[in-house]
Amino acid sequence: MSSDVSPCSRRRFLLGTAATAAGALVAACAPKSAVEKVDAADIPVGGGVVIGNYVVTQPEEGKFAAFSSSCPHQNGRITEVSNGVMICPNHNSHFDIATGQVVSGPSRKPAGQAPLSADGTELIVGQK
């Protein structure tokens, strides 16, 4: 029984593996959406949610704010909102949910504000 399939050379195997790895890396590092949408009812009063590259907060009932989830200290990621502050766990920087100002931690710069608009009860954060 003969086969017309040539064996895979080491060079061809390595090229194929490198191409697959590069594709996976590009997909994993691709930026998240520039625009995120969330229902206002999903944002707790006195708290907030992390959605994509943003943190959307509701410091007072009916008042909303949006910030970048990128921590200004060393580009960590703000991942939590608790007790009126946004938290970056990398170095424990805390930011006020109304203003983005530093409450505690090593960051000297406030959280970056993000554009926020509303369409009915839907909040739209980011650039359109």
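Is Gln-101 buried, partly exposed or exposed? With a relative accessible area of 44%, Gln-101 is partly exposed, a class that lies between buried (under 20% relative accessible area) and exposed (over 50%), taken with a 1.4 Å probe on protein chains only. The model is a predicted one, in which local features need pLDDT of at least 70 and side-chain atom pairs count only at pLDDT 80 or more, while totals for chains, interfaces and linings use all residues. Residues are numbered from 1 along each chain as its sequence is written, and side-chain values use heavy atoms, with hydrogens and water left out.

Gln-101 sits in the loop between β7 (93–96) and β8 (102–104), strands here being DSSP runs of E with at least two residues, numbered from the N terminus. Leaving aside residues up to four places away in sequence, Gln-101 touches His-94, Phe-95, Asp-96 and Pro-110, where contact means heavy atoms within 4.5 Å.

Further along, strand β9 (residues 116–119) pairs with strand β10 (residues 122–126) in the antiparallel sense over 4 bridges, pairing being assigned if DSSP finds at least two bridges between two strands. Within this pair Ser-117 stands opposite Ile-124, and the hairpin has 2 residues between its strands, with Gly-120 in the turn at a positive phi of about 70 degrees.

As for the cysteines, a search of the whole structure finds 0 disulfides (pairs of cysteine sulfur atoms within 2.5 Å). The sulfur of Cys-71 has its closest cysteine sulfur in Cys-88, at 3.7 Å, which is too far for a bond. Cys-71 is buried at a relative accessible area of 1%, and Cys-88 also counts as buried, at 2%.
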